[in-house]
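I wanted a quick look at this chain before doing anything else with it. My notes follow, in the order I looked things up.

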Amino acid sequence: MFDRRFLLFFASFLAVVSSVRCAGRHASVDGMADSLVVDSVGKSFSDSLCSSDVSADFPVSGPQPLVDSIRFFLSRELAGSVSSFYSTEDTVPVIYYSDFTDAEGMMACYAERSFNRLRELSMMEHDGQSYESSMWVGEACETDRFVTYLSQYYEYSGGAHGMASLYGTTFDRRTGARMDYPVDTTKLKALQPLLRKGVERYFMQVYAENGERVTAASVQDDVSSLFLENGIIPLPSAAPYLSPEGLVFIYGQYEIGAYAIGMPRFTVPYKDIAPFLTTEARRLAGLDAAAD
């Protein structure tokens with residue numbers, strides 16, 4: 001099914017992410033005077049061999065514990081645009097940019113390091129390919145209880161295709177603490193109907209995005225082709241994140257299926273996922289009034 005349609009869907013998916021990025025920067029919470037204010041900053045380097053782009057929504061003002069936490073997070077997160085190029089055999093340590101108030105310096109530091117590493121790889125391989133990497137970390141949504149950031153990364157360093165990743169990180173708006181894995185992992189079996197329904201919706205969306213007829217049989221064939229052990233859909237390795245509509249699940253490339261299926265993504269409404277959430281996640285989602 002997906003061998004000839006993934007690129008079309010991925011293009012539309014990136015368009016959706018772009019719209020989230022634009023909306024997130026200007027988002028505010030009604031009646032909340034101290035909404036998180038961010039500035040979109042970035043830096044790029046390029047030559048005939050490679051290109052590197054790093055950008056982020058950098059907190060300018062807001063609840064200070066939240067601002068401090070996200071700035072610290074950004075420095076660690078953007079370092080991934082450099083460390084991802086090193087194999088497990090490399091011993092080069094990751095050096096984090098330590099001035100958490102210097103947005104432009106942080107972007108320039110990681111973009112340049114990423115560019116230099118890509119250039120090294122390109123010169124070593126001599127394959128004539130143009131290598132590239134891009135990483136964006138930005139605000140997706142804010143409520144009176146939580147703020148969620150998205151991390152989007154793409155890398156091409158030779159081979160048949162590049163690799164991409166997309167995942168979210170949710171912060172406690174009051175304390176700035178990062179939310180732990182929000183789902184009770186001991187309830188995987190009971191979660192199967194919700195996970196299967198979500199994956200099926202994802203496949204249906206792919207058909208719709210490409211203007212193709214959706215049938216129950218074709219969707220079931222797609223689900224049957226997944227890389228599952230004993231038919232059990234695992235929880236994603238990247239923690240699901242909170243959104244105003246529900247809990248968002250994203251599976252990475254190759255995590256539950258072939259490269260061609262992309263990164264399955266779906267949202268489970270809170271009314272359905274509530275029994276499976278941790279105490280922390282329920283509180284941040286506003287499902288436990290007594291937790292305030």
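Predicted model: local features only at pLDDT ≥ 70, side-chain atom pairs only at ≥ 80, totals over all residues.

**Notebook: burial, confidence, cores**

I started with burial: the chain has 292 residues, and 46% of them count as buried.

The pLDDT averages 86 over the chain, and 83% of the residues score at least 70. Residues 1–13 are below 50, though the model still gives this stretch 31 contacts beyond near neighbours in sequence. Residues 18–28 also stay under 50, with 15 contacts beyond four places in sequence. I'm leaving both stretches alone for now.

On to the fold. I count eight helices and eight strands. Taking contacts between residues at least 6 apart in sequence, 63% join residues at least 24 apart.

Then the cores. Which residues touch the most other members of the largest nonpolar core? They are Leu 191, Leu 195, Val 199, Phe 203, Phe 249 and Ile 273, out of 32 residues in that core. Helix 5 (188–209), helix 6 (216–224), strand 7 (246–250), strand 8 (265–269), helix 7 (270–273) and helix 8 (279–285) each put in at least two residues. Helix 5 gives the most, with eight.

I zoomed in on Phe 249. Leaving out residues up to four places away in sequence, its contacts include Val 183, Leu 195, Leu 235, Phe 266, Val 268 and Ile 273. Phe 249 also touches Pro 236, Pro 240, Pro 264 and Arg 265.

Terms used
Residues numbered from 1 in each chain as written. Heavy atoms only, no water. pLDDT = per-residue confidence, 0-100. Contact = heavy atoms within 4.5 Å. Helix = DSSP H or I, 4+ residues; strand = E, 2+ residues; numbered from the N terminus. Buried < 20%, exposed > 50% of the residue type's maximum accessible area, 1.4 Å probe, protein only. Core = buried A, V, L, I, M, F, W, Y, C linked by side-chain atoms within 4.5 Å.
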